Amino acid sequence: MEKCLIAAIADDYALGKDNNLLWHLSEDLKYFKRLTSGHPVIMGRKTYESIGRPLPKRLNIVLTRKAQTPDQVGGMAGSTGNLLYASTLEEAFALAASTPFEGRVDEPDQCFVMGGGSIYEQALPLCDKLFLTEVHTTRPDADTFFPAFDRSLYRELSRSELYAENHLTYHFVIYGR
Ligand SMILES: NC(=O)c1ccc[n+]([C@@H]2O[C@H](COP(=O)([O-])OP(=O)(O)OC[C@H]3O[C@@H](n4cnc5c(N)ncnc54)[C@H](OP(=O)(O)O)[C@@H]3O)[C@@H](O)[C@H]2O)c1
């Protein structure tokens, strides 16, 4: 399974503030939905709480070190039956590779690490491909940032046209190892 990371980051790597996103970009939300639907998504507990529900048409794997009830750990839970908890990143990737769910798409066989900051930091060295929405702004008031990374380790595989929305411009960029 290809391990992918998907994030929308500002030029100063800002990601979020007060457990929320910094912008509302409808084309980015559509892009995120199109890429991740049918695939497992891995997120931190805070990001999950900020969304407030499992994302439909995806297997939602939530990382937490807090004890979960036995039926939730590595098992199906949640009203839509597409929510799992994992206590390590390794376990999350193993569940992503092995757990069947309705609507699963195996071609391409991918899972997506979808934040937040602490999960990106840990998962970045393990991911094969980065889907970054590069938002051309700086947000020094943010409280969560994408980790600094060595761009020379990556190849730019594609860069979209420039999008403009809500007084912001952005590119969809895909990086490979
Ligand atoms: N711009 C974007 O693309 C984007 C995407 C996603 C999120 N965000 C933003 O990022 C912010 C949230 O990021 P964050 O760093 O504060 O929180 P987070 O990464 O979403 O969640 C952190 C929590 O994940 C759990 N965790 C972390 N590492 C773990 C590990 N190795 N094993 C098990 N559990 C682990 C812990 O949960 P417990 O405390 O329960 O143990 C930890 O408190 C929000 O502002 C959100 O809007 C932005």
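Start by selecting G16, which stands opposite L21 in β3. Helices (H or I, at least four residues) and strands (E, at least two) are DSSP runs, numbered from the N terminus. This is a predicted model: local features need pLDDT of at least 70, side-chain atom pairs count only at pLDDT 80 or more, and totals for chains, interfaces and linings use all residues. Residues are numbered from 1 along each chain, in the order in which its sequence is written.

Next, select β2 and β3. They pair in the antiparallel sense over two bridges; two strands count as paired if DSSP finds at least two bridges between them.

Now go to the ligand. Which residues come nearest to the ligand? Of the 29 residues around the ligand, these are G16, G44, T47, G115 and G116. A residue is near a molecule if its C-beta atom, placed from the backbone, lies within 6 Å of it. The elements giving two or more residues to this shell include β2 (14-17), β4 (40-44) and α2 (45-51). By class, the shell has nine nonpolar, 15 polar and five charged residues. Ala, Val, Leu, Ile, Met, Phe, Trp, Tyr, Cys and Pro count as nonpolar, Asp, Glu, Lys and Arg as charged, and the others, Gly among them, as polar.

Select β4. Five of the five residues of β4 are buried, so this strand is largely enclosed by the rest of the structure. Buried here requires 20 or more other C-beta atoms, placed from the backbone, within 10 Å of the residue's own. P40, I42 and G44 point one way from β4, while V41 and M43 point the other way. In a regular strand the side chains alternate between the two faces of the sheet.

Strand β5 (residues 59-63) pairs with β4 in the parallel sense over five bridges, and I61 in β5 is the bridge partner of I42. Strand β7 (residues 110-113) also runs parallel to β4, joined by two bridges; there, F112 stands opposite V41.

Finish at I61. Leaving aside neighbours within four places in sequence, I61 is in contact (C-beta atoms, placed from the backbone, within 7 Å) with residues including P40, V41, I42 and L84.

Notes:
Contact = placed C-beta atoms within 7 Å. Buried ≥ 20, exposed ≤ 12 C-beta atoms within 10 Å, placed from the backbone.
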